[in-house]
Amino acid sequence: MILAVLFANSDGNILIERFHGVPAEERLHWRSFLVKLGSENLKGSKNEELHVASHKSVSIVYTTIGDVCLYIVGKDEYDELALAEVIFAITSAVKDVCGKPPTERLFLDKYGRICLCLDEIVWQGLLENTEKDRVRRLTRLKPPVEP
Amino acid sequence: MASGQDSSGTTLMDLITSDPSATSTAGASSQQQSSSGVGGSLLGKPVAPTADRKSKKGTLTQIQNETISAAKALNPVKPVSYAQLVRSIHELAATCDQKSSQRQLVNSVFPKLAVYNSVDPSVAPSLLMLHQQCEDRNVLRYVYYYLARILSDNGSQGLSAAGGIPTPNWDALADIDAVGGVTRADVVPRIVDQLSAESSSDDVEFHARRLAALKALTSCSTSSSEMMEKLNEIVFGILEKVADTKQKRKKGIFTKQGGDKESIVRGNLQYASLSSLRRLPLDPGNQPFLHRAVQGIEFSDPVAVRHALSIISEIAAKDPYSVAMALGKSAQPGGALQDILHLHDVLARVYLAKLCHSISRARVLDQRPDIKSQYSSLLYQLLLDPSDRVCFEAINCVLGKGDNTESTEDRAGGWIRLTREILKLPEAPSVASKGVLSKSSEKSSKARRPQPLIKLVMRRLESSFRSFSRPVLHAAARVVQEMGKSRAAAFALGAYDEGASLNVESLDSDLENPMAEATRKPNLLSNGHGGMDTIAGLLASLMEVVRTTVACECVYVRAMVIKALIWMQNPHESFEELKSIIACELSDPAWPSSLLNDVLLTLHARFKATPDMAVTLLEIARIFATKVPGKIDADVLQLLWKTCLVGAGPDGKHTALEAVTIVLDLPPPQPGSMSGLTSVDMVSASDPKSAMALQRLVQAAVWFLGENANYAASEYAWESATPPGTALMMLDADKMVAAASSRNPTLASALTRLQRCAFSGSWEIRIAAVQALTTIAIRSGEPYRLQIYEFLHALALGGVQSNFSELQLSNGENQGASGTGLGSLIIPMLKVLDEMYRAQDDLARDIRQHDNSKQEWSDEELKELYETHERLLDFVSLFCFVPRAKYLPLGPTSAKLIEIYRNRHNISASGGLSDPAVATGISDLMYESKEVQKETNTVQSGIDPDLAMAWAAGLEDDVWANNAPAVDKVKDFLAGAGTDAPDVDDEEYMNSRPSVGYDDMWAKTILETYDAEEDDGRYSGGSSPESTGSVETSISSHFGGMNYPSLFSSKPSSHGATQQTIREEPPSYSTSVLQRKESFENPLAGRGGRSFGSHEDEDKSSGNPQSGKALYDFTAGGDDELNLITGEEVEIEYEVDGWYYVKKRRPGRDGKMAGLVPVLYVSS
């Protein structure tokens, strides 16, 4: 289960968040925990360099893409390596939408499109599509494989 | 959080809408937006009274109207508020055939609306209109997105699974809004109908929309059975048409290009339908369900195959037999499952590993070794997978890791499999015949030689540890940890054979071996070189690599590596290296306390797996106690001490106690002067907070020593062979100490430590030390009791203090005018000992008299003796737990006389039940409480250390269950639980976040209540990793372990009391915290008898009336007390600090029916 996908800017403002199976009262804790992780470890980190953390049986993988930080929390089959796959799918989709590692401004300009991509990649806590072409087609309401 | 709100007023919407031309608008609307959040802030909270809501709703509408007009006036083309966006949708939907409307929807309205968590149902009609009339794909894609949101919005205060700016509870608002309110109930059926119709349509041209509609439908809530039925119908309808294809699947990358239109459309539909099937609730008994899933593994779409496999593997975990039957020949060479090995989807292969694991380990398939071997062979092939994720999953499966419920046997079997089995690739017709996949066939030909699994695994892990990727390192360390777990299990079951060389011929395992076929083939590996070819050699070289990983800069990776090292630590190996690694690591301030506690819990788990390692683990735990006292959870540490001590075995007990109490030998930390320490034994308490925490820890250790020294030393007064006093009394103190230490060095050294603590150290430690000494005095035989008596006596007088204080550095505290300041505390203790000695003297005198005059003891005399015995027992029980049936306050010589009296009067010796101390559960030592439980069943049994040991070796879970809140943590950890949210260590951070995303939007009131709750949660959330750093928590938890015994309380001996309450009711943290705090502020408060307010609540709440009998006459001393006559029957209502509130059956002579009586006067 992918428990959370969260985009934040470098100041710790949350831009997009998707929770699944996380009780409402715990979300605030997750937000602060993740943003704190990022503020401690992502400064000076390379673009798309993967960072890892864990909390009990839950894995967390996070990275920066352009000016935006991306955090993913998962459990069970979504361990750190599977989350690395998820994060890769998401970053490549975001880069595809924005055309480059996005600045915060660019990210916000493409906000709607990114939400749609995310919808195609992580759906109800499960990884769905990973290939960026497929994701692109689906966000334009085209079939995953073109006849 | 609230301050963050003030520091910056930007919201996500501001960020999105802000551009230079519209700054003013954005600023204005941001304010409005956050106030409109007041209406929206009903999220997640029970909705306030209606009147309140109405007014809020009123304000909301008003504010939004103002916003709209203001925004329109300033900048008509940039709608920013939610209401504006919705209005735009309504307007644009009406003109959706125009290109400009479509563009506006796609470019500005829909993306901005995406900021919100959900849209209100009143938007649905417009969305549905767009859905029907608009043809623009981009618009439609957003329409599906929002329709899915409306469907998934479960109506509970607008917080759906997805995120976004929290929106109001639309339904609640619609209810209030009498005019034209639209609720979800109105629109959801319409949406579902429209989407269902679309997803059932067969028009090929629109199949992309069909997929999207189906996907949107799956987001509707699973709670509605009607909806589920409909969805089921649709999904199975589609599968009916598309699943039954005999067409052979083309693999992976080729799917995209080739294929006719029809088969591609079919593939897409297969994908969509399986994706929906995956979201349907699992239905293990349902054959069509399984059948469709099994068909799915032959589909052309890799994502569809992944979903199919994940469904099958989940069902296989529950019902392996039917899955194996349904899969039939798929696992054979050339079958569909073999093809998945080469499928370009990592998770699909992960699920394949899980599936193979479930089937190859299934007991129900024992009759079908052929099936099992097919699946294990598949699993072993996955070890060669290029993806680390798949390979690691396969290793874990081979090792027998399941969902944390696997048994030790499974684990041990896993280790044996790993070390003994051979991967022999099948003749690989699937690869060879297909020819095209040159890459993989090359790979498999390279690896075609039979290979021992262990070698493959070790090589793979070693190369993973050289990776630069943190997730890979973390995962690899986790695999090593799992390996350690399996090895420990194998070790525990005696199936461990590390020196075995990898000679395949010697591998005829005594266990059932599905790969027997393969193992019998001679191995091509050279063997006999020793070194690298033994498992030990391979492990050693792996561990070398693992250790170097400690250098990783990420703490989480290092933590995992340390856990792996702890698990791979063998009881017979030197652990110096591990110790120094941990000591070095702990000096790093970057470690968050949650991680440290995780490592501590790993020590627990390691101990559970191998009780032999108790001493080793205690040594490691000691490093935690000294290095990071402020960061670790003292409860968990104490539990570790205790369980390790009990588990250390007769030989290890001394060492184990030493390992714990070494904490006491540490010099008091001196803030600021602790830089540059490397020694394990040095204290790092460089700040006042951790110095404080260390002091608490020392206090806990003192208490622990007092409670457990007798157990560790196997010295019990009731087993002591030495007759009390007499000869030894004549010796002088020095000789006595010498005699004592030669007889039992463990106890002697414990005494020495405690005596030192009673002088040095802080006030709290001295108190604890004196109490610990009393406990030991009561429980031990001579000469220890006398030694302590002398010591306490001296302490009370304060006369010898000056001699001792030179030995130890004083901490600068004023020791008190009366010498130690402990006089008031010691005197009652001395009194007990005085009474015991006096009674013993009297007894000795009486015996001598009787012997001299050759006179039998009369019944009267015996009765007197027996009463003295009982009185002393009651007295002693106030200080610490002693087994009533065995304990002889009058010394061993009295045993016979008391026995005579008991037999004559038919008094049962099993005082255990009626012992008020036991009844209220002060017994602390775990083995003792276990024994006491036994006593209730078998009449004559006391504490038998051998029995205790036998039990300790087993360490059953139910015993753990009786203990402390820490136990819950340990159990949670062992069960692999914990997906709850982490907490952030310092609140500072949360408050000082420069700007907050959604939080601005949230009403202040909500934030405030949330904060308050959070503070409570600090104590109620035992599973939150946070806050262990805070001094307060560690103080309170220390006191959880060491409440002070109260003379007048029925719960004198601390820890047990806490345990008992926990056993009786769900742990009510708040009350115990209250109690803990109280005892911290005033350690002597408990002595006041009734001052434990919190107990009152606890006990009242547990009130099942219990019947009891008055043991003695009691005269009421106040209005609220009740007169009792021996033998009178009463009903016990509840207990308050040593007093029962009882009701009589009929009014007494004074006419009173109910009142308080001392606990000791009533048998319960």
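Hi everyone, let's start with two helices in chain A. Helix α4, residues 111-121, and helix α5, residues 132-139, have axes that come within 9 Å and cross at roughly 115 degrees. Why quote those two values? Two packed helices are described by the angle between their axes and the distance between the axes. The crossing of α4(A) and α5(A) is also right-handed.

Before going on, please remember that this is a predicted model. Its scores are ipTM 0.96 and pTM 0.70.

Now, which residues bring the two helices together? On the α4(A) side we have Arg113(A), Leu116(A), Cys117(A), Glu120(A) and Ile121(A), and they meet Val135(A), Leu138(A) and Thr139(A) of α5(A). Sorted by class, that contact between α4(A) and α5(A) holds 5 nonpolar residues, 1 polar and 2 charged.

Let's move to chain B.

Residues 1-9 of chain B fall below 50, with 28 contacts in the model beyond near neighbours in sequence. Residues 503-532 of chain B are below 50 too, and that stretch has 40 such contacts. So a friendly caution: where pLDDT is low, the predicted coordinates should not be read in detail.

Note on methods
Residues numbered from 1 in each chain as written. Chains lettered and ligands numbered in written order. Predicted model: local features only at pLDDT ≥ 70, side-chain atom pairs only at ≥ 80, totals over all residues. Heavy atoms only, no water. Axes fitted to C-alpha atoms, helices over the stretch in contact; angles between N-to-C directions. Helix = DSSP H or I, 4+ residues; strand = E, 2+ residues; numbered from the N terminus. Left-handed = near helix turned anticlockwise from the far one by under 90°. Contact = heavy atoms within 4.5 Å. Nonpolar A, V, L, I, M, F, W, Y, C, P; charged D, E, K, R; others polar. pLDDT = per-residue confidence, 0-100.
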